[in-house]
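Work through the exercises below with the coordinates open. Each task is followed by a solution in steps.

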Amino acid sequence: GGHTAMSVDGTWNVTMNTPMGAQAGTLTFATDGGTLTGTMSGPQGSLDLEDGTVDGDSLSWTVNMTSPMPIKVESTATVSGDEINGEAKLGAFGTATFSGTRA
């Protein structure tokens, strides 16, 4: 024992590579045991993370986007130190990858 995973809590600057081009945004995480909450901010504004879970350095959550069209975005991510990498399923638009660093 004795090894403590670095907390994912805080703000992350991420770039998402979507079918519509790269989009910069921020993710804010707060963890409580295995529960992940927070927000995703970007060009469309700020959206709450829903159904968030955290297991070690693995994260998952969904976001219900309403603009520019209703899409349920299902995201998974892995945190390694001060870096985050993941992917987001954009409904009928396929999958976007994203990466970023701790703010």
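The model is predicted, so local features need pLDDT of at least 70 and side-chain atom pairs count only at pLDDT 80 or more, while totals for chains, interfaces and linings use all residues. Residues are numbered from 1 along each chain as its sequence is written, and side-chain values use heavy atoms, with hydrogens and water left out.

**Exercise 1**

Solution. Step 1: V63 is found in strand β6; strands (E, at least two residues) are DSSP runs, numbered from the N terminus. Step 2: apply the burial classes, in which buried means under 20% relative accessible area, exposed over 50% and partly exposed in between, with a 1.4 Å probe and protein chains only. V63 has a relative accessibility of 0%, so it counts as buried. Step 3: contact means heavy atoms within 4.5 Å. Step 4: for a distance across the fold, take V63 and G94, which are 31 residues apart in sequence and 15 Å apart in space, C-alpha to C-alpha.

**Exercise 2**

Solution. Step 1: M65 lies in strand β6, residues 58-65. Its relative accessible area is 14%, so M65 is buried. Step 2: residues up to four places away in sequence being left out, M65 touches Q44, L47, P70, I71 and V73. Step 3: M65 and E87 are 22 residues apart along the chain, and their C-alpha atoms are separated by 16 Å. Step 4: S75 sits in strand β7, residues 71-80. With a relative accessible area of 4%, S75 is buried. Step 5: apart from neighbours within four places in sequence, S75 is in contact with L59, S60, W61, E87, A88 and F98.

**Exercise 3**

Task: Find the C-alpha separation of T28 and T11, and that of S67 and V79.

Solution. Step 1: T28 lies in strand β2 and is partly exposed at a relative accessible area of 28%. Step 2: T28 and T11 are 17 residues apart along the chain, with C-alpha atoms separated by 4.4 Å. T11 is also among the contacts of T28 outside four places in sequence; the others are G10, T37, G38, T39 and L49. Step 3: S67 lies in the loop between β6 and β7 and is partly exposed, at 36% relative accessibility. S67 and V79 are 12 residues apart along the chain, and 28 Å separates their C-alpha atoms.

**Exercise 4**

Task: Count the salt bridges and state which parts of the chain are tied together.

Solution. Step 1: a salt bridge is a side-chain nitrogen of Lys or Arg within 4 Å of a carboxyl oxygen of Asp or Glu. By this rule the count is 1. Step 2: D82 forms a salt bridge with R102, and the closest N and O atoms are 2.7 Å apart. Step 3: D82 lies in the loop between β7 and β8 and R102 in strand β9, so the pair ties together parts that are 20 residues apart in sequence. Step 4: D82 is partly exposed at 42% relative accessibility, and R102 is partly exposed at 24%.

**Exercise 5**

Task: Which residues make the nonpolar surface patch of about 290 Å²?

Solution. Step 1: patch residues have over 30% relative accessible area and no salt bridge; nonpolar side chains (Val, Leu, Ile, Met, Phe, Trp, Tyr) are joined within 5 Å. Areas come from the Shrake-Rupley method with a 1.4 Å probe. Step 2: M20, M69 and F93 make the patch. Step 3: F93 is found in the loop between β8 (83-90) and β9 (95-102), and its relative accessible area of 36% makes it partly exposed.

**Exercise 6**

Task: Give the volume of the largest pocket and the strand that gives the most to its lining.

Solution. Step 1: on a 1 Å grid over the protein atoms alone, a pocket is an open set of points where a 1.4 Å probe fits, with protein on both sides within 12 Å along at least five of seven lines; lining residues have an atom within 4 Å of a point. Step 2: the volume of the largest pocket is about 370 Å³. Step 3: 24 residues line the largest pocket, and the closest to its centre are M16, Q23, M40, Q44 and M65. Step 4: β2 gives the most to this lining, with 5 residues.

**Exercise 7**

Solution. Step 1: D51 is found in strand β5, residues 50-55, and is exposed at 59% relative accessibility. Step 3: most residues other than glycine have a negative phi.

Terms used:
Helices (H or I, at least four residues) and strands (E, at least two) are DSSP runs, numbered from the N terminus. Patches are made of residues with over 30% relative accessible area and no salt bridge: like charges are joined within 9 Å, nonpolar side chains (Val, Leu, Ile, Met, Phe, Trp, Tyr) within 5 Å. Grid points are joined across faces, edges and corners, and a volume is the space filled by probe spheres set on the points.
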